[in-house]
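Welcome! Here is a short briefing on one protein model, arranged by topic for quick reading.

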Amino acid sequence: MSDLKANVQETKNGFHVEGYEKIEYDFTFVDGVFDVANPQLADCYKTWGRVLAVTDKNVYSIYGSKMENYFDHYNLELKVHQTSIGEKAKTIDTFLEIADSMTEFGIIRKEPVLVVGGGLVTDVAGFACAAYRRNTNFIRVPTTVIGLIDASVSIKVAVNYGRYKNRLGAYHAPLHTFLDFTFLRTLPVAQVRNGFAELIKISSCSHLQVFNLLDKFCEQLIETRFGRADGSNIEIRKAADIINREGIYEMLKLESPNLHEIGLDRVIAYGHTWSPMHELIPETPLRHGHAISIDMAYSATLAKQRGLLSDKEHRRLFNLFSRAGLSIDHPQFDDGVLEKGTAAILKTRDGLLRLAVPNPLGQCTFLNDVSVQELKDALKSHKDISKTYPREGAGIEAYVDCSDTGYTDLETENLSVEKVAMEAGLSRGNLGVTNGIKDVREHTGRVNGHNSGFLGSNAGLDGNNSQCLLDISENPVNRPNRIKAQA
């Protein structure tokens, strides 16, 4: 929500206007946002007596009945706009379909639209709200790791245009964001891995303690959906809650002073220099997490080449990507892609590269004085190093599929959704079940080509255990469950 204060002064030849916009919005942690025992979301709509919800078809297939029961319990009329949004369907046409639903609903100025889904859904629906009557309120309920950790923090909303990511968009803050990590129980592991990359991004450049926890519990965090699956060790759940809360808080501290991106040296842009090329150019795009992982890994190699990152830190970072099943390299990433991506990002960043790199792990430096030849030399070195890792640096389930939505026919999509829902005990015929997926199996041997990180192993490099510097003895659930962002 924003509040604008301004004044007008006469000048010799006209007028001078000076204004300051106060932006504030809230985050609330809640387990089970659509459980009738939790009235927080319903309270936001009591004034209106009704709700227009925009959500993707996958989410609605699993949680639709629960949403309907929740709002019915609070005597709130619910209308749902379902959409399929993948990266290639993140378009102006999808934006217009949402706007049409807002018109049909008769949305009233200041009445908030409810947006439920992953980062792609919140991006497009948020942009529709920004454009509709130039400023329509909305409330976010993110349902994926990327949505919860990354997209929920920013006030940027957008659609792709042509072959360019997020070319049309706005800065539009939601009224409120509800952070419900129980949605991860029904999230495919491939999507958990996809979001894991965003946590590596923020921690490797700005929060070493979180990086240490990711390094210590990598495999368990992914397999247990950040401690939300049945059978999850309490230590994993506590570590996950710290990682999530600290990760979001760190992102907010970095973004809040620069919500409109007036400053272009942005720590959270680590991994976002060449990654758009991997997401939109291929016929079957890489998932966002894999695309930025390749970018981060390559940028780290460049940092190592410059002496900004030690060999040990570089190996530790690469090992974490590989253990997580994230991509380190891709055959498509060649000199041509490097040059095209560099040319494109220079336009976005006002003529400077502004390349964020870890220096050392947990801190960030921006590089501008990098020559084309240095970039190419680093890429050659990067590819040689990547070949020494499991799968020669390739990721696991790296390409988008029906779980990303927008790429398959609805029949195939629904089959995939139903499978995930049944595993989580949340199929539409069994929504009363509160248990999550089946107990996590005991892991032994090797995972993703590495020694398993389960059973207490820290999977450290060079025989050294990674140090966990955050105290996880305090259960974060008992800490205050709200974060307020203000700028």
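Which side chain does the side chain of Lys90 join in a polar contact of 2.8 Å? The partner is the side chain of Asp123; a polar contact is a pair of N or O atoms within 3.5 Å, where within protein one must be able to donate a hydrogen and the other to accept it, and residues adjacent in sequence count only if both atoms are side-chain atoms. This is a predicted model, in which local features need pLDDT of at least 70 and side-chain atom pairs count only at pLDDT 80 or more, while totals for chains, interfaces and linings use all residues. Residues are numbered from 1 along each chain as its sequence is written, and side-chain values use heavy atoms, leaving out hydrogens and water.

**Around Lys90**
- Lys90 sits in the loop between strand 4 (77-83) and helix 3 (92-105); helices (H or I, at least four residues) and strands (E, at least two) are DSSP runs, numbered from the N terminus.
- With a relative accessible area of 1%, Lys90 is buried (under 20% relative accessible area, with a 1.4 Å probe and protein chains only).
- Beyond its neighbours within four places in sequence, Lys90 is in contact (heavy atoms within 4.5 Å) with residues including Leu120, Val124 and Asn160.

**Helix 11**
- Helix 11 is mostly covered, as 10 of its 13 residues are buried, including Glu313, Arg316 and Arg323.
- Just after helix 11, Gly325 adopts a positive phi of about 80°.

How values were computed. Buried < 20%, exposed > 50% of the residue type's maximum accessible area, 1.4 Å probe, protein only.
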